[in-house]
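Take a look at it first, and then follow the points topic by topic.

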Amino acid sequence: MKRIRVIGLILLAMGGLTVVLLLFSIEVATIRLPRSGQKLIGAVKTTVGGDIRLSYLHSVERTSVEGRFSVGPGPTLLIRETRMMSVGTGLPNTAAERTRRDGRWMVVDEGLQPLPGLDFYLSPVNKTRITVDGSPVSLETVPSGSVIRLNVEKIRLGRFWLWHLFGKDWRPERT
């Protein structure tokens, strides 16, 4: 009798876990390759209000730049601010009314504007870094010269784990 209860509890727990994996949705910061059919190369769990940062060395001005983003409802990628050590070619320097100083940084308030994703060209010169909620995202496997697309998506928890375990993308057309 005790053995039947234990088996029943195990089956109940497995059923509960299956329901959670199939029904529970999460927000995920994604990095895809738009020139390769939107191939998924990175995914990190986040939440609405989560912090995403893209940091790089500007290739012309040789100055540090950091884009700070938030995860909005939906989810939506929202740009909060652009930080840079100086202004120059290709850097946002025409928004004087939205620019302030924060120590060494010049900060442009971007007003939480929604973005349909952000495309970025990878080059070793730029020393590109991405963090999601303070955790670094590895870009080591991405070939130089690739264009990455940073975005946020809402997916089922089970699909997220399938990607982590087997590299199986959750978009049906990408599998």
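A polar contact is a pair of N or O atoms within 3.5 Å; within protein, one must be able to donate a hydrogen and the other to accept it, and residues adjacent in sequence count only if both atoms are side-chain atoms. This is a predicted model, where local features need pLDDT of at least 70 and side-chain atom pairs count only at pLDDT 80 or more, while totals for chains, interfaces and linings use all residues. Residues are numbered from 1 along each chain as its sequence is written, and side-chain values use heavy atoms, leaving out hydrogens and water.

**The overall layout**

- The protein chain has two helices and eleven strands; helices (H or I, at least four residues) and strands (E, at least two) are DSSP runs, numbered from the N terminus.
- Along the sequence, the pattern reads α-β-β-β-β-β-β-β-β-β-β-β-α.
- Of the 175 residues in the protein chain, 40% count as buried; buried means under 20% relative accessible area, exposed over 50%, and partly exposed in between (1.4 Å probe, protein chains only).

- Seven strands form an open sheet in the order 6-7-5-4-3-9-10, with antiparallel pairing; two strands pair if DSSP finds at least two bridges between them.
- Strand 6 (99–102) and strand 10 (135–137) are the edge strands, and each pairs on one side only.
- Strand 5 (residues 76–84) and strand 7 (residues 105–115) run antiparallel and are joined by seven bridges.
- Leu78 has Pro114 in strand 7 as its bridge partner.

- Arg32 sits in strand 1 (residues 25–33).
- With a relative accessible area of 3%, Arg32 is buried.
- The side chains of Arg32 and Glu153 are joined by a polar contact of 2.9 Å.
- A polar atom of the Arg32 side chain also lies 2.8 Å from the backbone oxygen of Gln38.

**A buried loop residue**

- Asn126 is found in the loop between strand 8 (118–121) and strand 9 (129–132).
- Asn126 is buried, because its relative accessible area is 8%.
- From C-alpha to C-alpha, Asn126 and Val65 are 9.8 Å apart in space, and they are 61 residues apart in sequence.

**An exposed helix residue**

- Leu165 belongs to helix 2 (residues 157–166).
- Leu165 counts as exposed because its relative accessibility is 60%.
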